[in-house]
Every structure is written in C-alpha cells, then in structure tokens.
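Visitor: I have a model open here. Can we go through how its parts pack?
Guide: Go ahead.

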Amino acid sequence: MQARDIAIRVPTITVDDPVAQAVRVMAVSRLPGLVVVDDRARPWLVLPGTQVLRLAVPGSYQEDPALARTIDEDHADRFWLEPANRTVGDCLPRHPTKPVTVRADATLLEVAALMARQHSPLVAVVDAAGALVGAITLERLITALVVLGTED
C-alpha cells in the first residue's frame, strides 16, 4: 500500500490566515495538525497540533507559567481568541523547517518512519511535481497498518 491509498483531503491554511481561524480549522476538521500552503497551494509547512497551540498561546504565558495562573477562569478559557489580529505568518519562525511531506508513492513504512523522526502526527502527501495530494494522520496510518496486519 502506498501513501496515496490512505491520504485524505484536508483543509489547509496560509501564512496570511488569522491564528484563530487556524485553530478553528484544526478543531472543526478534527485534525492533529495543519498543512500550511504557499500561494500555489503547495505544502510550505506542516504544523503538529502542539505547534498550532503554540501560535495561539501568547508568548508571555508560555515563558512564565506563574503568569498564566493569574488569569481568571473565564478569560483563561478564551485565551486563543486574544491574538485575533495576528496571522499564522506573524507567529512562525523566520526560517521554518522543511515541510513534513512524502511522495504519493511512498510506502507506509516510509510514512511511519517520517512521522516518528519528525514527531509529527500529520504528513502532507505530494505528487512528483510537489503539488498537495492530501495528508495522512497518525490515526489513519495506524488504522491502515492494523487492518493490513490482520489480513491473511
């Protein structure tokens, strides 16, 4: 089985999208991360969910857990709305790492090895020209491996 066989279509975001929108896309689609695409809809970056959360949590709270404890519960539950005017691009490092991608003809072992090496529960699947075909979530990969392992 190849990556294209288990890849699914996923919504994508761009660096110009608001952080709150990125969080919503991930939540509504029940994804473990997001694929950030460039202006040609090619994968530019794959953000695991923890990194999407990092975009939404103001840096001061990340750096000082004691500061986070000073916020009352009602406001703490809505912290992710605070960066409403910030875009995904505003929150990314200046030189992001290469996107976590595999070619559509990659084997499931190649996908698993990449996920493990990159600590990413989401991998973008691209064709030979680098165009986005879909993505594979950790859950989808594990399910495919289990199903394949029980076929005899």
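Visitor: How many bridges join strand β2 to β3, and do they run parallel or antiparallel?
Guide: Five bridges join β2 (residues 33-37) to β3, and the two run antiparallel. Strands here are DSSP runs (E, at least two residues), as helices are (H or I, at least four), numbered from the N terminus. This is a predicted model: local features need pLDDT of at least 70, side-chain atom pairs count only at pLDDT 80 or more, and totals for chains, interfaces and linings use all residues. Residues are numbered from 1 along each chain as its sequence is written, and side-chain values use heavy atoms, leaving out hydrogens and water.

Visitor: What is the bridge partner of Val35 in β3?
Guide: Val46.

Visitor: And what is the strand order in the sheet?
Guide: β1-β2-β3, an open sheet with mixed pairing; two strands pair if DSSP finds at least two bridges between them. The edge strands are β1 (12-13) and β3 (43-48), each pairing on one side only.

Visitor: Which strands does helix α3 touch?
Guide: Helix α3 (residues 49-56) packs on the sheet against β2 and β3, where contact means heavy atoms within 4.5 Å.

Visitor: Different topic. At what angle do α8 and α9 cross?
Guide: The axes of α8 (residues 108-118) and α9 (residues 138-150) cross at roughly 140° and come within 11 Å. Axes are lines fitted to C-alpha atoms, for helices over the stretch in contact, with angles from 0 to 180 degrees between N-to-C directions.

Visitor: Which residues make the contact?
Guide: Leu108, Val111, Ala112 and Met115 of α8 meet Leu138, Leu141, Ala144, Leu145 and Leu148 of α9.
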